[in-house]
Amino acid sequence: MALGEVTRPTKGFNIVLWILQILAAATFSLAGGSKLAGVAPMVEMFDKIGLGQWFRYLTGGLEVTGAILLLIPTTVVLGGALLAATMVGAIATHLFVLGGSPVPAIVLFVMVTTATWYRWPGPVTEKNGRGNQ
């Protein structure tokens with residue numbers, strides 16, 4: 001295989017990626033939905049962050065949007081990148097503002113970056129026909 005060529009994931013690996021994407025999408029839908037719905041612990045957490053409740057709505061909207069994008073084959077990379085950036089912010093917020101464990105955010109970061117990495121469109125080659133979608 002020449003440098004820069006990308007082959008499609010095997011069937012088994014593709015299934016693993018879909019499971020990762022579905023689990024991450026479900027988690028982000030629940031978390032984002034609870035932010036948008038104004039669940040009391042989320043309101044309190046965003047009060048502690050100190051940027052105002054608009055930031056809770058923004059974060060919840062980004063999470064729900066990213067979750068939807070993770071489930072559409074042509075937008076997986078966009079959704080994954082959006083959610084990875086959101087998780088970088090969540091990790092930093094836990095480390096420097098809120099305290100508590102950043103582990104859940106780190107696990108979600110790893111999940112979405114893994115899916116994003118392996119779904120990233122590569123150059124079209126004779127072997128794969130269209131990148132690694």
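Trainee: Over which residues does pLDDT stay under 50?

Mentor: Where pLDDT is low, the predicted coordinates should not be read in detail. This is a predicted model, and the stretch in question is residues 124-133. The model still has 30 contacts beyond four places in sequence for that stretch. Across the chain, pLDDT averages 88, and 85% of the residues score at least 70.

Trainee: How is the packing of two helices described?

Mentor: By the angle between their axes and the distance between the axes. Take H2, residues 40-49, and H3: their axes lie 8 Å apart, at an angle of about 120°. H2 is therefore oblique to H3. The crossing of H2 past H3 is right-handed.

Trainee: Which residues make the contact of H2 with H3?

Mentor: H2 contributes Met42, Val43, Phe46, Asp47 and Ile49, while Gln53, Phe55, Arg56 and Thr59 come from H3. Sorted by class, they are five nonpolar, two polar and two charged residues.

Trainee: At what angle do the axes of H3 and H4 cross?

Mentor: At roughly 150°, and the axes come within 7 Å. Here H3 spans residues 53-70 and H4 spans residues 76-98. H3 passes H4 in a left-handed crossing.

Trainee: How many nonpolar, polar and charged residues does the contact of H3 with H4 have?

Mentor: Nine are nonpolar, six polar and one charged. On the H3 side, the residues include Thr59, Leu62 and Glu63. Among those they meet in H4 are Val76, Leu78 and Met87. Thr59 of H3 also takes part in the contact with H2.

Note on methods. Residues are numbered from 1 along each chain as its sequence is written. This is a predicted model: local features need pLDDT of at least 70, side-chain atom pairs count only at pLDDT 80 or more; totals for chains, interfaces and linings use all residues. Side-chain values use heavy atoms; hydrogens and water are left out. pLDDT is the predictor's confidence in each residue, from 0 to 100. Contact means heavy atoms within 4.5 Å. Axes are lines fitted to C-alpha atoms, for helices over the stretch in contact, and angles run from 0 to 180 degrees between N-to-C directions. Helices (H or I, at least four residues) and strands (E, at least two) are DSSP runs, numbered from the N terminus. A crossing is left-handed if the near helix is turned anticlockwise from the far one by less than a right angle, and right-handed if clockwise. Ala, Val, Leu, Ile, Met, Phe, Trp, Tyr, Cys and Pro count as nonpolar, Asp, Glu, Lys and Arg as charged, and the others, Gly among them, as polar. Angles under 35 degrees count as roughly parallel, over 145 as roughly antiparallel, 65 to 115 as roughly perpendicular and the rest as oblique.
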